[in-house]
Amino acid sequence: MKISQITVFLENRAGQLAEITAELDANNINMRAINIAETAEYGLARIIAEDSEKAVQILKDKGFAAMLTDVVAIGVPHRAGGLNDILQIIAAAGIDIEYMYSLIGEQDGIAYMVFRTKDADALQKELADKGIF
Amino acid sequence: MERYYQKEIETMPREEIKKLQSEKLVKQVKHAWDNVPYYRAKMEAVNVTPDDIRGIEDLHKLPFITKDDLRECYPYGMLARPLKDVVRIQSTSGTTGRRVVKFYTQDDIDIWEENCARAIVAAGGTEEDVVQVCYGYGLFTGGAGLHGGAHKVGAMTLPMSSGNTDRQLQFMEDLQTTILACTPSYAAYLTEQIVERGLKDKIHLKAGIFGAEAWSEEMRHDMEDTLGFKAYDIYGLTELGGPGVSFECKEQNGMHINEDHFLAEIIDPNTLEQLPNGTYGELVFTALSDSAFPLIRYRTRDVCILNDEPCSCGRTHIRMGKLKGRSDDMLIVKGVNVFPSQIETVLIDKGYKANYQIVVDRQKHSDTIDVMVEMTPENFSDNLGEIEKKEKELVAALKAMLGILVKVHLVAPKSIERSEGKAVRVIDKRKI
């Protein structure tokens, strides 16, 4: 499933991430996943929230550098080789994964992974053709 | 016994110096009036003609020349001699709108080199000496000035230019360099390296002539105590030819201005009125001898004090104190002139906000410059590689503009304090 992810710029200092979560909390926005990428000087927080459009607007209004990015969330069977099956399909299709992280789902027995590729639609279609959603 | 390069002039009684300056000023004003339409127009604008200038007592009637005038006149507008008489140009660093080009006739170059020779002799230099010049060569005046000065003295000159520390130290050891000429920050670095590499017993330095950037007494004592030599200050600016406008003698208490060639004044930068000697103010120079590029009442923006008390070295030329700062927003970092407006231009060009902060500091005697830049929607990306690429482009553009490496720090939008009125753009933590 193609979903919207929020990316927020993080300054490298204590308390910066807490300022972001405080804003989301104040607006009663639930996060489903968060992932941090960092360099020596700064970082990026990548967030999946229940209402990404609203969340990104709130953060922008508060002066954060924030944007929406299309990513694909895929259910991964909770068993050995579950992720490998999916990655083999993606690899065979020659699709380059920029980054990925896990997402909390509500269905037992299935883990969710968020995939970022250049073309979210192409990835979604490739997996859907193989019955993976 | 004190030695001089040009004893008669350097020890000339003050009354005679003033008489000489008056004669040269009258001629120089006439020369500029006749050959520089831009300056003539400036004089006409304040209803002054060369007839009104009969000596240095009339100096205050003349209009000032500023860096903006030079920019306006770039490249040939201030040139007072036909190109066939011009043999050289030198220029300030950088590729900026603030670039200054200075022209020289052969006589201008001879005078410049003589001024540097006076500095070398005042530092104890003779024809027996080995002078290692590690100021940059090329458009920068540092290399050419001290090189020419060492030749005039008859010393053996090592035209090393800047950088390549391994080679600098190798030559210093092998050729037994006695006088080192470079920027004080590079001198401090070399000093540190000499100690680290255990070369202290193998070098033979007796003096250093360090200029092009401000340095502290503490730095001087550090180097002198470590290497057992004497470190002398030298001052100059490209607009006036380069190093050698003034230099320190053995007293190391102020730099003697070569008053036969440069007429110095101290003014209040706000009222533009002349201030008496012994008062801090902006230093203004009139080049009395420069023929190709005759600057009259040129505002240096450097703030210092003039001291006309007699000096034990026997030189009668007035001394200027160490620079106390600037009367404009220009920073001197690693010997390079940096205007915050230049940084601003690059930031805006690269899609960043004009809200930024510059932090200048000095670590291990070497200047550092950091710029805090706010992230903007245009430069933001979900891809760290993209952000880093744009950051590298910004660093490269700043390097191209300023000629020195600037460390960029990306910070969150609106995280740099907005102040009422004039923003605090520059934090200079250096203690000089």
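Mentor: Chain B exposes about 18,400 Å², and carbon and sulfur atoms supply 50% of that area. Accessible areas come from the Shrake-Rupley method with a 1.4 Å probe; for residues, only the protein chains shown count as cover. The model is predicted: local features need pLDDT of at least 70, side-chain atom pairs count only at pLDDT 80 or more, and totals for chains, interfaces and linings use all residues. Residues are numbered from 1 along each chain as its sequence is written, chains are lettered from A and ligands numbered from 1 in the order in which they are written, and side-chain values use heavy atoms, with hydrogens and water left out.

Chain B has 432 residues, and 55% of them are buried (under 20% relative accessible area; exposed is over 50%, partly exposed in between; 1.4 Å probe, protein chains only). The chain holds 11 helices and 21 strands (DSSP runs numbered from the N terminus: helices H or I of at least four residues, strands E of at least two). Of the contacts in chain B with a separation of 6 or more, 66% join residues 24 or more positions apart (contact: heavy atoms within 4.5 Å).

Now the spaces. Rolling a probe the size of a water molecule over the atoms shows where empty space is left. On a 1 Å grid over the protein atoms alone, a cavity is a set of points where a 1.4 Å probe fits but cannot get out; a pocket is an open set with protein on both sides within 12 Å along at least five of seven lines; lining residues have an atom within 4 Å of a point. Grid points are joined across faces, edges and corners, and a volume is the space filled by probe spheres set on the points.

By this rule there are 2 cavities of 30 Å³ or more. The largest cavity has a volume of about 100 Å³. It is lined by 16 residues, with Trp112(B), Asn115(B), Leu240(B), Phe262(B) and Asp290(B) closest to its centre. In chain B, β2 (101–105), α5 (106–122) and β8 (242–248) each give at least two residues to this lining. By class, it has 7 nonpolar, 6 polar and 3 charged residues (nonpolar: Ala, Val, Leu, Ile, Met, Phe, Trp, Tyr, Cys and Pro; charged: Asp, Glu, Lys and Arg; polar: the others, Gly among them).

The second largest cavity has a volume of about 70 Å³. Its lining includes Leu70(B), Cys73(B), Tyr74(B), Met78(B) and Phe293(B). That lining divides into 8 nonpolar, no polar and 1 charged.

Next, an open space. The second largest pocket has a volume of about 330 Å³. Its lining has 18 residues; Lys18(B), Ile56(B), Leu263(B), Ala264(B) and Asn277(B) lie nearest the centre. The elements that give two or more residues to this lining are α2 (14–35) and β10 (262–267) of chain B. The largest share, 4 residues, comes from β10(B). The classes are 8 nonpolar, 4 polar and 6 charged.

One loop residue is left. Pro276(B) sits in the loop between β10 and β11 (281–287) of chain B. Pro276(B) counts as exposed because its relative accessibility is 55%. The C-alpha atoms of Pro276(B) and Ile305(B) are separated by 9.4 Å, although the two are 29 residues apart along the chain.
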